[in-house]
Each structure stands twice: as C-alpha cells, then as structure tokens.
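Subject: A structure to look at, with notes

Dear colleague,

Here is the structure I promised to pass on to you. Please open it first, and then read the notes below beside it.

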Amino acid sequence: MDDRYFDPAHRAIALPLYESVRGLPLVCPHGHVDPRLLAAEHYDYGTPVDLLIIPDHYIFRMLYSQGIRLESLGIPRKDGAPVERDHRKIWQVFADHFYLFRGTPTGIWLRDELANVFGITDKLTSASAQTIYDQIAERLAQPEYQPRRLFERFNIEVLATTDAATSRLEHHQAIRVSGWTGRVIPTFRPDAVTALDGDDWKQQIEQLSAVTGIEVTSYRRFIAALEQQRAFFKQMGATASDHGILDAYTAPLSDHEAETIFQRALTGAVDGSDPGRFTAHMLIEFARMSAEDGLVMQLHVGSLRNHNSGLYGAFGRDMGADIPVPMGFTRNLRPLLNRFGSDPHFRLIVFTLDESTYSRELAPLAGHYPALRLGPPWWFFDSLNGMRRYFENVVETAGIYNTAGFNDDTRAYPSIPARHDVWRRASADWLAGLVARRIIDEADAHEMIADMAYHLARQTYRLDA
Amino acid sequence: MDDRYFDPAHRAIALPLYESVRGLPLVCPHGHVDPRLLAAEHYDYGTPVDLLIIPDHYIFRMLYSQGIRLESLGIPRKDGAPVERDHRKIWQVFADHFYLFRGTPTGIWLRDELANVFGITDKLTSASAQTIYDQIAERLAQPEYQPRRLFERFNIEVLATTDAATSRLEHHQAIRVSGWTGRVIPTFRPDAVTALDGDDWKQQIEQLSAVTGIEVTSYRRFIAALEQQRAFFKQMGATASDHGILDAYTAPLSDHEAETIFQRALTGAVDGSDPGRFTAHMLIEFARMSAEDGLVMQLHVGSLRNHNSGLYGAFGRDMGADIPVPMGFTRNLRPLLNRFGSDPHFRLIVFTLDESTYSRELAPLAGHYPALRLGPPWWFFDSLNGMRRYFENVVETAGIYNTAGFNDDTRAYPSIPARHDVWRRASADWLAGLVARRIIDEADAHEMIADMAYHLARQTYRLDA
Amino acid sequence: MDDRYFDPAHRAIALPLYESVRGLPLVCPHGHVDPRLLAAEHYDYGTPVDLLIIPDHYIFRMLYSQGIRLESLGIPRKDGAPVERDHRKIWQVFADHFYLFRGTPTGIWLRDELANVFGITDKLTSASAQTIYDQIAERLAQPEYQPRRLFERFNIEVLATTDAATSRLEHHQAIRVSGWTGRVIPTFRPDAVTALDGDDWKQQIEQLSAVTGIEVTSYRRFIAALEQQRAFFKQMGATASDHGILDAYTAPLSDHEAETIFQRALTGAVDGSDPGRFTAHMLIEFARMSAEDGLVMQLHVGSLRNHNSGLYGAFGRDMGADIPVPMGFTRNLRPLLNRFGSDPHFRLIVFTLDESTYSRELAPLAGHYPALRLGPPWWFFDSLNGMRRYFENVVETAGIYNTAGFNDDTRAYPSIPARHDVWRRASADWLAGLVARRIIDEADAHEMIADMAYHLARQTYRLDA
C-alpha cells in the first residue's frame, strides 16, 4: 500500500520523491481544530462517534444525501429535541453506508486514519463495524492517544487554529502556561464583527467592546478595537488573519461613508446595500492592517452558506449545506491589489471554490502581484483530483513559488496526517510525471517536493519569523 | 479491438471489470427514439440516409460546419423547396467527409454501429462508400433488423421515449395492445404548454384541453389538466417527467400572480417578464406534482436553442445550432430545493451543458440534498473525455451513489448499444485507474461497475417499482 | 531528450508521428515579431538581456511576482528615471531566479532555445550565468545569427507580424525592395482607431487621415479610410486582420447611430456607453469587410489590460499585468454570426482566455458555423497542459478541422522553433493516446499530425491563395 495514489506508469520516480519528504514535520498554518483539545494534559474524546461522526460535516452530509436524517446520526438540534443517543447504532449506520464514500477523499482519509493512527487494517463494513468501534474506543482510552501525544507523534511543527476576533484566547493562554511546548497559534477571524447583517452583530460588537475595553460606538473605535485585538493575537503567536466571504468584491469607502454606514448599523437601520459595501471596504482596511502589522491575510471566497434553510433552522450552521457559487477575482480584487498588491510588507492568500478561476484569473494574478499567493485546493478540492487539477491549471502560469504550499483546513484532528500524506503523495506523483516527460530534471523535482511539502507553507505564512 | 478505449497502463484491470457488465441488459430511461418504430410489427426504415443521416443533427451539423449546405444532405426545408433526393449521392458526401469525425463520439458510435449492428468492418471512406451503402440497405431489408428484433437483440430492458404533455400516446397504446412485451414507456414533457412565449402556445393549450377534456381557461384548470395527463402517462408506464429550459431559475408565484399571468397569456397580452417568471414558478409546481405522484423530475438546462436564425427560418428546430450558455444552479435551484429537496418522495435529476458547474455546484448540491441526483454527461459531453471529466469532477464530492447512472438520450435507435458500450468501457477504465492507484479495491470496483452500468439508472428512475 | 514531453506509456507511438512532421516548415500566421528585425541585412541585437529579458513580459512578470522591481531588470520607465544598466547583473538576477520557471512553458522554451538555437546545453544556474551570457553574446555577433539567417534556419515559410491600422508598413516595404525572399506579411489591427475611449484616439484618427489621404471627419469617411488601408495591407501580403477586445459583445448600430456616436467622439463628448456600443458595432462592420475583401478576421478576447494601475503609470502597457476575465460567446457573437457566420467568403478565428468556454461555447459554435474556426490555445494556455486541455475539450465536439492549427503569437523571435516544437510534440502525444486507445487508427493519426502541424494553419489563414 505504500505506493498508493501513484500512477503506476511513473511510480518508480514518484516513490523516492515521496520518501524524501514523508518524514518532514507537518506545518498546519490554517485549520479548525478546537484548541480545547490541547489546552489541558487530559482531554476526554467521548465515543468514536463523538470524535469521528458528529462533528464532521464531510461525513454526515453524504449520509444525509442518501436520505438518512441527521437526528438519527446524533447531530444535536437547536431546539433540543431528542436525537439518537446510541452511538453504537450510529456507528453501524455509518459502516452500513461506508460504500457511499468509495472514491472520495473522506473515504481514503478515514481508511488511512484507521490504519495509521488507530492501527486498524480491517475494512470497515457492516460486519466489522462493532469490532472496529471497540478497537477505536479502546485506543482513545490509552494515554498515548491523548491530543498532545498525537501532536508529537504526528510530528506537527505548528498548528494554527481559527479564532473569533472577539476571543480572549483562553485555551491558547492555557497551553502557554502549561509548559507543554507544542506550537499552537491562533488566527484572527473577524467575519462576525464585520458582517453588519449577521443575526448577532450587535452582540458581537458588545463582545468586542468588552474584550478590548474600547467602547465601540463609532467606526473609528471599531478600527481601533480591531487593531488592538490583532496586536493581542500576534502577541499570542498569530501570523495570519482569515476572512470567509461570499464574493471577493473590494471597494473603498471614505471615512465619512464608513462612519455613516456603521452608525446606521449600530441603530439597527442598515439599508440593503450597506453590508456588502461595508465588507468590500473592510477587506481593503484589513489589507492595510496586514501591510502594517505583518499578519498574512487569507481570503476564503465563494461559499453560499446554509443553502438548506430548513436544515439551518433545525441544526444551525456547518451542516454540509454550504454550496459554492461562480466567482470573479480579476475585477473584484483590483481595488485592493492596486493599493497593496505590490507592497512588500503585505501578503494575501486567496482560496477559491470555483476551479474555473485557477487558470483564468488566480494564476495570472498570483504570477504578477508580489503580495499574492494562491492557497492550496480548498474543501471539496482537497482531494487527489482536486490537487492534480490545481497543479495542472496553476503551475504553468504562476509556478509553484507563487503558491502557499499545503494546509489541511480541518477540524478532524486525527485526520491531519492522512491529509498531509495525500498532498505529499499527490505532489510526488505530479512531479514524477514532469520528470518522466523530461519537463524538469530529478534534481529540480527533489527541491520542489521539499518546498511543496514543507517550506512553502512555512515561508508563506511567515512561520520562520 | 475488444480492449478499445482503455488506457493501456491499466487495461488488464479494466477488461475484466468491463466483461462483468457487458452482458447486462440496457436500461434506457431517457431518450428520443420515435415510438412509431416499435408501434407495429413492421417498420419501413427507408434508405440508409433516411435512417442514419437526415434525422441526426450530430452528423449533419459537422458537415454544415465545413460548408456543406443542408439542402445537399436532403434535410427538408420548411418552405418545401427542393433538396437533394439522391441518397447515394448524400451518402457519398458523408463518406467523403467522414474524416471530420476523427476523435469524435459520433465517429466511434458510427464505426461501432456499422461493425456490431450491421456487421460491416471496412473503414468508411470515399472508396468504400457505395459498397457500405448497399450492405446497410441489404441488412435493413431483413426481418431480423426490424426495430422490435433489434430491441431484443440489443437486450433493452426498458426504453423511455420523450412525449409532449398533450400526447394521447397512441404509439405506446399500440405497443400495449400488440402483445409484444418489450417495455417502452413514455416521459411527460410539458415544455410547450409551459412556455408562454412559444409560437404556438395557444394551440398547445387548446390541444391540452382537447386531450384532457378540461377546458383550460384558467391557471387552476391548467394545473388540473397537467395533473390528469401526468396520471395518464403514469398509467401508461411513465416514471419520469422532463423539462428542457435555458436556465434553472426557480421562484414561486402566489396563486393570484400565477393566475394573472396566465390570463394575460390567454389574451395574448404577456409582458416581457411573464414567460420567465411563469417557467420559474412552474418548475416548483412540477416539483410539487412529482413529490405527490412520484414521477422523477428531469431538468435539462442550458441550451440556447436555434442560435442560427437563418437556419431556423429555413429548416426549423434541431438543426445542430443549439449552443450552451454559462449556468448557475446554486442560487437558481435554491427555492425549489428548499421546498422539496429533502422530501423523500421527490426525486430530481439535473443535466448540465456547463461543465464548470460539476465540481462547483452540482456535485456539492447532489452530495447534500436527498432528492437530487446528477444526470450523466449530456449531449456534447456524452463522450469518452466528457465521461472522464464527469467522473473526475463529480465523484470525489458526490460519490457515485448521487449520480443517475447512464442514459443514451438518443433518437438514433441503432446507435443505442454503441453508446452504452462507451459508458461501460469509460466506467471500467476510470475504476481501473482507481484500483491501480489503490484508491479502491477490486471488490469495490466490481460492485461499482454493476451499479454504474445498470442498477443506478434503474433505481434513480424508479424502474423497479 | 528527443522524446521529451511524451507520455512514456505511448512514447513508441508518439515519436514516429512527431518525426513525420518535425521537418515541415513553420507557418507563423499570427505573432508580434518586430518587422524591423528583418527589414535590413544587418540587425544589432544588443546584449542577451536586450534580446531575451527586457522585451519579454512572460519572463519579467514572474520575477516581479517574487518582489523583484522592474527597474532592477532594466525595464525603461515612462518618466525616464534611471533603471539598471548593467546587463550582466540583470542576467545574474534572472539566472538566480530561473528556478521560478520550473514546470512553466517559459522555462522549457528558454531551455530549448539555449540548446537548439544557441547550442548551450548547460543548465542555467547562478553558477553558470555569466558563462552562458558570454556564449549567447558571442553567438549573436556571428553572421549566421542574423535574423534573416535564423528565418532560413528555422525554416519559416511565412511570418505574419501585427501592425497598426495606421501603419505605412515601411519595414515590410523595405523587405520587399531588399530582394530577400523571406515571406513576411503584415496583419491589419485597428484596435487603436476603434477604441473611442483610448487616450490617443484623436491622434490615431489624425494619423489614419494622414496615411490614407482621406480626411476622417465622419463615420462614413472612417469606414472608407479603413477599407483603403485594408486594401493596402492586402496588397502588402496581408491575409488577416486582428482585433483585441475585452469581451466579444457584438451589436449593430444604424448608420445614423454610428455617425452620431462618431461625431460625439470627434468633439470629445463621448458618453459612457459610446465606446462599448461602437466597438460592438465595428466588430460586425469588420466582419462585413472581411466577407468582402477576404481578410481572415481574428478575435483575441478576454484580457483586462493593465490591471496594476501603478505599474501602468510607471512603465506603460505589456508589463505582465493583463489578467483574464470570465467570457461569454454564445450570446455575444450571435448578432455577428447570424449575419456572416454562414457566409462562405467570411472566416473568423476566435481565441479565448477563459477555458470554460472551450467545451461550453466555442466548440459547439465552431462545430456549427461554417465561417468559424477556433484558434489554438492562447497566451497562458500556449503550454503543454493548455494544449492537452484544448484537445480534450474541443475536438470531441468540433473535430480538428474546425480549428486553426497553431500560431506562436510571440515577439520573442528566437523562441519560435521551441514554441512550434511544443505544439508538434503535444499534438503527437495526444494523437498517440487516441491510437493507443484505438479511438483512431495510425493512418488517421498520420494525416492528422500533418494537418495540425502545418496544413490547418495554412488553409485557415488563406496562405495558399
């Protein structure tokens, strides 16, 4: 199985490339692991279903798509109505339907995770379900499966979490004072305080006031509070901010316009275009802050969140119903890039859910603006084919040195090594194809695989600094 | 030639996969075969050109693109002006230009059809043209080439035709009473009665009144007439409806709005936005009917019909001048999917002509909504590369079990086996690649090929019921 | 290295296909070589940097994207401020960063050019930089490296330049009178006289008046002047016009509307929509002229020019900051194609920077309209993967005979053979894959490779005439 995912035609070239990087530490500059896992010496995982099914919308969306209700998978409802509590039964449903994941990244991550993290090599089927449940449960109870021990075993060099702009970073503080030396750093994510049409925007602003001690009664103070929190995040190790938006539209407002809109929002009188215009402005403002404080700016663009309104009403967000829309970057990012795209202190990483933008817009932009790097294949495209399409559509125009290396972007902590392994194998496979066709030589390929597996992520996210 | 279309690198894996399904019956749940062919024990094909050239816009569009006038190919003009009537001459023109089809699906279908249906293995060239014409003509005259005999020889388990909502299904009735047991079922296609801006909409409504006995003088009666015809189609074996539309825009109207628009249409006073709004509403209404009567709803989206106005004026529709446009499903289908996308009685199959929607929109949607299945590669994409792109862009996100299997969508009756053969070979080839790279194991691949070749189409179209 | 770029799996089939065309003359029907190079018996190249770096935005954009300022590469500023003049130093910077081009077409063109034009097979690295600089400089000084000698050695059958509609074609005249028999022909490019919002439109019109002797004081005279210049270009050997536009929108104006807009432009009073409407009209007008005078019409669509405003201000156009946008052809070209798309005297070649339009719009359009041919992969897509995607997305629908063969579109004169070689190898590789999978036979493949490498370009551009 060690040559898995390689094209047999150039396996002999791919394998040594992969072998040269398989031992390198994992750099995890963007993801959604709950810092709570690592905040204390001991963490209680709950059952295998608590760990592997209930928090993972990659898995339960596929079951839902085949008519399995989320209640029967133990997903908590917002109204507190009862859901299935027999986790063995839930696990059995999952195993009975594991065939749905044939050919999917979720399928290969889980198989690898069972084998390489939990030491379980039996195929997950209806028949083996309960035995495997027992084996996972047994492992999770062992001290060497505690999150900090896995962190060390996984050889994670640095793990960035994603944190609300209003966070006090208690768990990161707890890690610091614990004396444990794993590098776990926060990322500044201000979406909730920026979205004027968010359900709880007013509460978010109150929380921002509370955490900063700056009463956010004006746009000016809003900016000041954000800058102060960025400084705090940076002091706690952050090297990046993150911004999740539906489209990449950027357009500056005058201070006066920004203040007027902000005041309308404070009085609950936003008009229809205010939220969009404010977000478009704030992206440029966040770029300015990045150019000043050096936090790398990430844009995750293009997901229409909570497409299924009924499901959102019953279960809330992140239920596997976020669906991409067509995107445009060339015109949308122009105002931002014209201000900061050539600023040596600024760095912007863009992620897309519209692959038609790779070759048409993002590779040409990344192949021109010094500040811009293209993020790795994201979400649905964090897969073997997604990576191949990315390499084939991006590199001829932008080269690999305008890309940001890999990040796993996961909340599924034990799946981290499997995800990096897919990237490293996909990279080796792609490079082997270039060598076999004499597009590059082997010496180049060896440098490139190390850059793709390790150095590019470190450098792009300024993790050396 | 038996290993044709397989990548030589994993031919040894692909061939047994293919062999395991090559004998399975053909399931044809969507297509445009004229039911007249099968309505009687004897059918007169006319000449080889009547059968293979004149009705097939896949073929004559390519000749037209190289400057050959449709008149010279015997295509009838609307004004009745004379066209070429020497079918040997037309066949010679086709043979002289058969090189245009190198590397196209039309080219390989025709070659396979000549070899495997007609037993002609000589290459079609200028020199062999007349001999091959004779051979085809001779075969067509034989009893074993009669449509019902081919149906049996092709091992067709079920063949769905596509029929106007106003049809009395005379030919399907004739098949029933004939005692012949081939399963030929209709599909309910109400485009013409729904398109308020259609040239002949008023006539269509009159016909709907006539066929149902319901005088369609109001929106309410329009709905009643449609529901009655759906019940009739269902009684005649139908399991599906079909809807061909330019875009997938859906948005509900109130009963009052729908009635008002409908009355405007009846009085010939539709305003500019009425047809679009009415179609957007009717799609949701058809989804409601589907959820109630269980007919599977098909959406064929994205073709701008009759792009070439001059040609349309001279020859009418289906002249090879239908050209796709960019499409969006995420926002357009949301109103429909929010109402019925999680309804276990509803099933929707979507087909697209914009491949950028596969990975961006359709796979994520199909990988979430229980009611949604993604139709196979359609029209221009019913090809080896089209299938490969479909597998590579769809399956990692949606799995194969949110796809609808294959349908041949053809009016070219003798090409049916060749088209299914391409799908079965392409499926085997793709699965062999997954096995070779150890993404799935051989046991999985064997189950998957049977599902792709046979079971998925049966199940998705509720043909077991 | 002679089997470079071929997939090892079918190398044995690809190599003889390639060998059968490697000796064919180069047909160069579209490009940007400066005719000055060939106007006289002797041309002074300047330094290797003058030849290879300073004029080539493919190269310096990549260096710029990694933070290297254009001033340090010797690119002249519009304000005349000093830039680096030590060309050895510039060359060293280039060599130090040549790793950026790994896996890019620029990288393989340069490597091939050094080896096959300059006879330098050492890898370009920091260490070898100065030696290689010396070697190139030494070669450039030799008589056999003079442009006319390279033209002969490259085996160029015809080279089309791209020339302003206002040009007197002095250099082409000089070639004619020189007695040298290399076929160098102009191409009529009227963008600058058509763009009403161009900075220097008025000057362009004055120049058009001057060169034609027709005082362009009205739309009617504007058309007359253009027609006269087209006749002059044609007399100087031109077989084509070229039109570079942001989108393919076409829509006719009445003569009165066109005249009104033109008069507004002459008085400096264009309103916002005038330039777009005028361009949309002029495209149809240019199509009419093409149908009359037989010049093949080329459309290069989709580049948003000068995206980086600061860079444009400092350095001007063609600085590697032209970025594609999403495109639509189906609706945009319909008015033009409905008028002239079936006219046997008209020929239109369309180039796109949005690959999603290949399978969705351009292949179906080219597979229908007799006048339309699809241009080869352009700009960022003039690459091994770009060609593969083009073959895979276009040919199944349009066949190869609705494509325009290859053109190198380059201003980098010594890179011409390398670019044609990539196309010929990519074509052979793709055809070999078809043969290996028995989609075509070897006889077909041999005819097709000759058509792709040579005949299609000749025929499409009417170079036989």
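By what turn, and with what shift along the axis, can chain B be laid on chain A? A turn of 120 degrees and a shift of 0.0 Å along the axis do it, with an RMSD of 0.0 Å, where the copies are superposed by least squares on the C-alpha atoms of residues with pLDDT of at least 70 in both. That is the relation of a three-fold axis.

Before going further, please keep in mind that this is a predicted model, in which local features need pLDDT of at least 70 and side-chain atom pairs count only at pLDDT 80 or more, while totals for chains, interfaces and linings use all residues. Residues are numbered from 1 along each chain as its sequence is written, and chains are lettered from A and ligands numbered from 1 in the order in which they are written.

How the chains meet

The contact between chain B and chain A takes 36 residues from chain B and 39 residues from chain A, two residues being in contact if their C-beta atoms, placed from the backbone, lie within 7 Å. On the chain B side, helix 17 (356-366) is one of the helices that supply at least two residues, and helix 17 of chain B gives the largest share, seven residues; helices here are DSSP runs of H or I with at least four residues, and strands are runs of E with at least two, numbered from the N terminus. By class, that side has 15 nonpolar, 12 polar and nine charged residues, where Ala, Val, Leu, Ile, Met, Phe, Trp, Tyr, Cys and Pro count as nonpolar, Asp, Glu, Lys and Arg as charged, and the others, Gly among them, as polar.

Turning to chain C, 39 of its residues are in contact with 36 residues of chain A, and the largest share of this side of chain C, four residues, comes from helix 4 of chain C.

A strand inside chain C

Six of the six residues of strand 7 (residues 296-301) of chain C are buried, so this strand is largely enclosed by the rest of the structure; a residue is buried if 20 or more other C-beta atoms lie within 10 Å of its own, exposed if 12 or fewer, and partly exposed in between, with C-beta atoms placed from the backbone. In a regular strand the side chains alternate between the two faces of the sheet. Both faces of strand 7 of chain C are covered, with Val296(C), Gln298(C) and His300(C) buried on one side and Met297(C), Leu299(C) and Val301(C) buried on the other.

Strand 7 of chain C pairs in the parallel sense with strand 6 (residues 240-245) of chain C over six bridges, and also in the parallel sense with strand 10 (residues 348-352) of chain C over five bridges; two strands pair if DSSP finds at least two bridges between them. His300(C) is the bridge partner of Gly244(C), and Ile349(C) is that of Gln298(C).

With kind regards
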